[in-house]
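Here is a friendly briefing to read alongside the model. Please have the viewer open as you go.

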Amino acid sequence: MPVLIPQVEQSESTRVGAPKWREEAQAKMLEAQQLTDRCGQEAVTMWQPKDSVWDPHVAHHLCRAAYILPWRFRVEMLQDGSTLEKPPPGEGVTLWRSKMKPPAWHARLPLPLNRDARALQTVDLVQAHARGARLTAARLGRAQQQINGQVQLLQRQREATDHRLSEVRKGLLINQQSVKLRGYRPESEKVPDKADSMLTWEKEELKSMKRKMEKDMEKSEALLKTLASCRDTLVFCCKERLQVVDLMNKPLDKVLELAGRHSWVDLSRIPTPNTQGQKTPPPDPVGTYTPECASALNEAKRLLMESKDTLQEMAKNEEEVREQQRQISDSVCSSLALKMRETTELKERMNMTVGLMRGTIHRCTKFNQEMYITRGLIKGPLSKSHLETREKLDRPLVRVYQRHVGTQLPEPTHLTKGTDKLQRHISHVEKNLEDLRATHKNLTRSLDCKRIGHEVDYNVVRLRLRQRHPHVNYQQAQCLVNDWDPRTPPKTGTHPQTPPPKTGTHPQTPPPKTGTHPQTPPPKADSKAAK
């Protein structure tokens, strides 16, 4: 490099050139020197980072030392007294031997490999966008699967709830049929009892359970529509994200596993603040994770939690209603069984009373017949020619006795008094027989009513036990009882207490009459009886 030798200063007296000419030359040299320094400084500055320290009044090595000071490793004191050197935080290349970490260097001018670098940057940008879209599509697909599974669970629970609702409605129909069938009892058996109260209580409880089940069905239907709408939104967003990942052969589930976020794999899992995997990116309208995707995922999380709570509540209500309905039905059947037992006890007592009364009627009838025969024998024959010799009043012994005054025989008087007394006893016995026969008839009718009431209650219990079987549906149970109302008057030609036609039970045939034997009229007087 050429070196300029300083000129030897000459005195003003020895100079030949004019001062103006000399000043112009010096001005041109100073301008050239300043231009040279500026251009050299600019050429060097173009290749330096923006945050470099450059002070013309400070030495160069001092500026460099101040610039690289933040790059050096930091010494930290541990609890046991030892020291540990750590690189400074931030991005950069760590130089472990030099114990420095310079930041990334950004040139101000394009380098010779700028075209290749821009191409690589474009490839990285496209791949990053594709990876983000694939990750978002994986999250949307997993959310869609979970929502779809929740929809299936909700549909199955709706089927179970609907089956339970049909059972409750069938229970109401059974209650209505029980009340209608008990209306076929005779009027004497229609006195309100605890069985009627139990049937009324069962009806109110079943109506309450029906309203509860219908409420659950309406709530689940609205939730099912919301889940279906959310699933359609997730499918649309997922298909839209999958348009940029057609050429990337990698399973979406594997992408979620590599992401390291459990809350992305399972929406019901609560996200933790300290995560080891990737962080959820902020919604970007022009990025891969758009606000529509964010709102769809948030809505899916909310609906998933709500559907789980709804499923638990519906399952709990269904189980409670099933158990409550079974207990109520068993209580009603037990009350009807107790009523049947009481009716059976009364029937047995009435049957014994009817038997004793029937024997008394037979004995009184036989005694009455014997008294009629006795009265005929006392009156004697109807014709005088049939009288015996010892009974005639004109026989010689009686004529001799009746010659004196006051010697009349008392035989006719005693016979007349005995006949009158016997007639009074016969009339009293016949009156007692009439009372016995009327009471026996009423008791027999009451026994028949008790028997019909017992059969009706038995048929009600049998009908309830058969209709509440799971194989009997609502339509089959509805066709078992006719639409006849017991409160309406029966048709002409039928008995008011005639049992109804077949209603799924055995026909109720009236029992044979348990009255007395045919009562024969009093026997006619003997041919030898007197008038």
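Predicted model: local features only at pLDDT ≥ 70, side-chain atom pairs only at ≥ 80, totals over all residues.

Residues are numbered from 1 along each chain as its sequence is written, and side-chain values use heavy atoms, leaving out hydrogens and water.

**Nonpolar cores**

- A nonpolar core is a set of buried Ala, Val, Leu, Ile, Met, Phe, Trp, Tyr and Cys residues joined through side-chain atoms within 4.5 Å; buried means under 20% relative accessible area, exposed over 50% and partly exposed in between (1.4 Å probe, protein chains only).
- The largest such core has 22 residues, and L140, I147, L154, L227, L234 and L297 have the most contacts inside it.
- Helices α3, α4 (194–241) and α7 (291–379) each supply at least two residues of this core, with α7 giving the largest share, eight residues.
- Helices here are DSSP runs (H or I, at least four residues), numbered from the N terminus.
- Another core, of 21 residues, lies apart from it and includes L165, I328, V332 and M340.

- Beyond its neighbours within four places in sequence, L154 is in contact (heavy atoms within 4.5 Å) with S220, L223, L224, L227, L311 and M314.
- T136 sits in α3 (residues 114–182) and is buried, at 5% relative accessible area.
- With neighbours within four places set aside, T136 touches R241, T288, Y289 and C293.

**Cysteines**

- A disulfide is a pair of cysteine sulfur atoms within 2.5 Å, and the count is zero.
- The C230 sulfur is too far for a bond, because the closest cysteine sulfur, in C237, is 9.4 Å away.
- C230 is buried at 6% relative accessible area, whereas C364 is partly exposed at 22%.
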